[in-house]
There are 2 protein chains.
Amino acid sequence: MKLFTVGPVQMDPAVLEAGARPLPYFRTAEFSEQMLQMETQFLRLLNAPPESRAVFMTASGTGAMEAAVTSILNPERDKALVIDGGSFGHRFAELCELYHIPYVALELPFAADLTEELLLPYQEAGFTALLMQQSETSLGKRYDMEAAARFCRHEGLYLIVDAVSSFLCDPLDMTACGADVILTASQKALALSPGLSLLALSPRIIAERLTDQPPRCFYLSLSRALENMKRGQTPFTPALSVLQQLAYRLQQLDQLGLQSELKQRESLALYFRQQIRQLPGLLIPDYTLSNSLTPLLTGSMNAYDLFVDLKDHTGLVVTPNGGPFAHKLLRVGHMGDLKKTDYDDLIQALSQRLA
Amino acid sequence: MKLFTVGPVQMDPAVLEAGARPLPYFRTAEFSEQMLQMETQFLRLLNAPPESRAVFMTASGTGAMEAAVTSILNPERDKALVIDGGSFGHRFAELCELYHIPYVALELPFAADLTEELLLPYQEAGFTALLMQQSETSLGKRYDMEAAARFCRHEGLYLIVDAVSSFLCDPLDMTACGADVILTASQKALALSPGLSLLALSPRIIAERLTDQPPRCFYLSLSRALENMKRGQTPFTPALSVLQQLAYRLQQLDQLGLQSELKQRESLALYFRQQIRQLPGLLIPDYTLSNSLTPLLTGSMNAYDLFVDLKDHTGLVVTPNGGPFAHKLLRVGHMGDLKKTDYDDLIQALSQRLA
């Protein structure tokens, strides 16, 4: 099997091996030291402002999204603007609904990009936070972070960014965009096992929202996670094997450099798209694309059937979609341990099926 | 390092290896089939009644405790009796507090066992649910499940059992005790990496509480997990490497048999305790013990210093305690890949320090 999926992704054998090392006991000074080092490395990859902190939670990306909403936003004080352009944007809206956070969903049609113009009607309307994906994973659509950042700065909003699939794929600078929360998960371009979420927190959000707010969820409390992280610990037993993989991977990224990682994702994405555009029968939507994945409209072919056919007959696993696009759209990931020759294999398998 | 800790535990190299196999993509029929098989195997180990269901959540045991409280109990309909005899019993009380579930905590002093007599004053007092540990992990104290079960049956209460550290250590029969929820976690006697929780749900609790109750936590909703498990899926990307370890381990338990596993834990516990009783300076409390671990009162020695000393100078890692027992009590686990000779090493190291 070769995974072109968007989580889990094809894992480097060295990372798998790092996850199979005997586990340490974690309530020790040694473990704390390693956690604090990983925090520093993670924040550096995001160019987080000084005094930012990070926490690692044993949960999927959705757990991290909920942690952000429930730990930071407040029904009495907040009004959120949610960019709702796909399943994950919609999930932020559902979370606001659940926690009674007043919100407005800016619904983006399938083909539309997020633009400065679309944000204009929401100026001076009492919003306190903007919740968005950097890349909407369900469609591979990349949003204009600069436009969102300018809007937030101008309006004085908190900016909460789900970078689950964009981290290490699309450039993201926490200082430049002024984000207050950036969250991601282990099984995307970090290319680790699923089960761990990582959140970076700005000094502003820590001071204004994470010091004395009573928690509304015990397990997903960012305040509790932060309090423990001050000494390099987690409140509950963490996903240690994924943390061992993370330690290896962050070291690797330190050595190879963030730019090289970003270039590699971009180069795989461009290589694949170039070849797809020469194949009849498959269409790449017109919206701005993330380097994390390529969405493919399958036209007259049933997307789900094509996914099963590829998996069962070639061992090449692309990503099916849920919801309204289940039979129309496939996603091909550019994360993990994949090479250009893997994409050659996939293109060949696809072209046989299109013939 | 040799882990005598109570999570993570010393892992079998074959389990570590199972977690290092390339991950599958999980939105497939093959994965669903494997999940449903694991569900069956897990329910069989608990002797769950027919029509019970299980769900697997990517979270620590505390996440599973919160999932049970928030998904099942209701501030309008419930009044909970909580056995509060240590950190984890107290956590159930904290969770009831957070979700505004009316509750009474039956506080057990350090030396006291849970007895039928202690439950008597709570008869016919409007309780709807009993929340308890089978074994209170912070002390290694085992509660009388039969007494609790009789009380619940007589009073018509839901019985919610945290078996995080007792599962596979102390006999537990879901049909016999009539439990509605039994929860455990991957890093105890299952001896897998941390990050996965398992919950078994009775047909009664499914019918009465998990069909139309609106969720109060998105990520920890048991209804949502259950709805997805019907097709062998999880709502969010699960901790796949731990699930791969679980598949291996459940197969192993099928072959070796539950009784053999229980015997092994018991025999290690008895072996260790027999030798400890011959050592001056360390005391095992008088309360009923779980086979999962042995609590050691360290008398005139500082427990935490002894933990650090053992770890740093012998590589033998026992479990320190938090809270009021931080300097008085150590815990020695009997879970995971440990042999009698490992306990000989530990006894020798301890006796040198006591000399």
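Predicted model: local features only at pLDDT ≥ 70, side-chain atom pairs only at ≥ 80, totals over all residues.
Reader: What makes Phe26(A) and Phe31(A) an edge-to-face pair?

Author: Ring centres within 6.5 Å count as a pair, and planes over 60 degrees apart count as edge-to-face. Phe26(A) and Phe31(A) have centres 6.2 Å apart and planes at 80°, so edge-to-face it is. Both Phe26(A) and Phe31(A) are buried. They also belong to one aromatic cluster with Tyr25(A), Tyr304(B) and Phe307(B).

Reader: And why is the pair Tyr219(A) and Phe236(A) called stacked?

Author: Stacked needs planes under 30 degrees apart. Here the angle between the planes is 20°, with 5.4 Å centre to centre. Tyr219(A) sits in the loop between helices H8 and H9 of chain A, and Phe236(A) in the loop between H9 and H10, so the pair ties together parts 17 residues apart in sequence.

Reader: How do you know whether Tyr219(A) is buried or exposed? What about Phe236(A)?

Author: The cut-off for buried is under 20% relative accessible area. Tyr219(A) comes in at 6%, so it's buried. Phe236(A) has 9%, so it's buried as well.

Reader: How do you know that the length of helix H10 of chain B agrees with what it should span?

Author: The expected span is 1.5 Å times one less than the number of residues. H10(B) has 17 residues (240–256), so it should span 24 Å, and its end C-alpha atoms are 24 Å apart. Just after that helix, Gly257(B) takes a positive phi of about 95°.

Reader: Why do you call H10(B) mostly covered?

Author: Of its 17 residues, 12 are buried, among them Leu240(B), Val242(B), Arg249(B) and Leu253(B). The cover includes helices H1, H2 and H11 and strands E2 and E10 of chain B.

Reader: What makes E11 and E13 of chain A edge strands?

Author: The open sheet has the order E11-E14-E13 in chain A, with antiparallel pairing. E11 (293–297) and E13 (319–320) each have a single partner strand, so one side of each is left without a neighbour in the sheet. Two strands pair if there are at least two bridges between them, and two bridges join E13(A) to E14 (329–333) of chain A. Pro320(A), for instance, has Leu330(A) in E14(A) as its bridge partner. Helix H11 (258–276) of chain A lies across E11 and E14, at about 20° to E11(A).

Reader: What makes the relation between the chains a two-fold axis?

Author: A rotation of 180° with 0.0 Å of shift along its axis superposes chain A on chain B, with RMSD 0.0 Å. That is the relation of a two-fold axis. The same surface serves both copies, as 100% of the contact residues of chain A recur in chain B.

Definitions and conventions: Residues numbered from 1 in each chain as written. Chains lettered and ligands numbered in written order. Heavy atoms only, no water. Helix = DSSP H or I, 4+ residues; strand = E, 2+ residues; numbered from the N terminus. Contact = heavy atoms within 4.5 Å. Axes fitted to C-alpha atoms, helices over the stretch in contact; angles between N-to-C directions. Buried < 20%, exposed > 50% of the residue type's maximum accessible area, 1.4 Å probe, protein only. Least-squares fit on C-alpha atoms with pLDDT ≥ 70 in both. Phe/Tyr/Trp six-rings, centres within 6.5 Å; stacked < 30°, edge-to-face > 60°.
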